[in-house]
Amino acid sequence: MTAKAKTRQSQQVFRIGIILGIVGILVVFGGFVVYFLIDQGSRQVPLDIPVYAGAQSWGEANRGAQSRSLFYRIPNVTPEQVVEYYNQKLREFSGTDEEQCVRVPDQGNYIDYQPGVEGMVPYQFICMFDRSYLNATQYTRVVIYPGPFNEDPSRNAEGMTVVEYDQNWNP
């Protein structure tokens, strides 16, 4: 093989290498774009967290096109028992033991709490499940509290545990 033929062959190998490199970069970039679009699409719906077993749907309040509250009542169980379930869900969701539901107030009852007053709750637990990223918001805030008394039987939750899902999503 002549020197000219060897040079031509090495130039072809170099060109093929450049073309393959460009194609590789385009494939990686395209994969990133597809992943980003799929990820953004997954944030266009509420973040659903499985509800405590035995929970009874108690209503829904739409707070806008991308925000709602779901209410559940759970008979024969304390808020602390329900919180243990959601603490486990938080550990599964975050992959660590660092996330936990927070009791408010951390001890005792709210200062202005008066037993038997319609609609008042002594304390609550707040559990935050958050998948927000860049400009996309997606979270479910779970609020757990002892069911408050209400004279209206359809709104009375006395002796039950109430769970509220405050859901927001905005891609």
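# A guided tour of the predicted model

Begin by selecting Leu26, which belongs to helix 1, residues 3-42. Helices here are DSSP runs of H or I with at least four residues, strands are runs of E with at least two, and both are numbered from the N terminus. This is a predicted model, in which local features need pLDDT of at least 70, side-chain atom pairs count only at pLDDT 80 or more, and totals for chains, interfaces and linings use all residues. Residues are numbered from 1 along each chain as its sequence is written, and side-chain values use heavy atoms, with hydrogens and water left out.

Leu26 has a relative accessible area of 55% and is therefore exposed (buried means under 20%, exposed over 50%, and partly exposed in between, with a 1.4 Å probe and protein chains only).

Turn next to the aromatic rings. Rings of Phe, Tyr and Trp (its six-membered ring) pair if their centres lie within 6.5 Å; planes under 30 degrees apart are stacked, over 60 edge-to-face, and the rest tilted. The model has 6 such aromatic pairs. Select Tyr52 and Tyr85, an edge-to-face pair with 5.4 Å between centres and 90° between planes. This pair links distant parts of the chain, 33 residues apart: Tyr52 is in the loop between helix 1 and strand 1 (56-64), and Tyr85 is in helix 2 (residues 79-94). Tyr85 is partly exposed, at 21% relative accessible area. Ring pairs extend the cluster to Tyr52, Tyr72, Tyr85, Tyr86 and Tyr165.

Now select Tyr123 and Phe125, whose ring centres are 5.8 Å apart and whose planes stand at 90°, so this pair is edge-to-face. Tyr123 is buried at 10% relative accessibility, and Phe125 is buried at 8%.

Finish at Ser69 in strand 2 (residues 67-75), buried with a relative accessible area of 0%. Its side chain makes polar contacts with the side chains of Arg63, at 2.9 Å, and Glu164, at 3.5 Å. A polar contact is a pair of N or O atoms within 3.5 Å; within protein, one must be able to donate a hydrogen and the other to accept it, and residues adjacent in sequence count only if both atoms are side-chain atoms.
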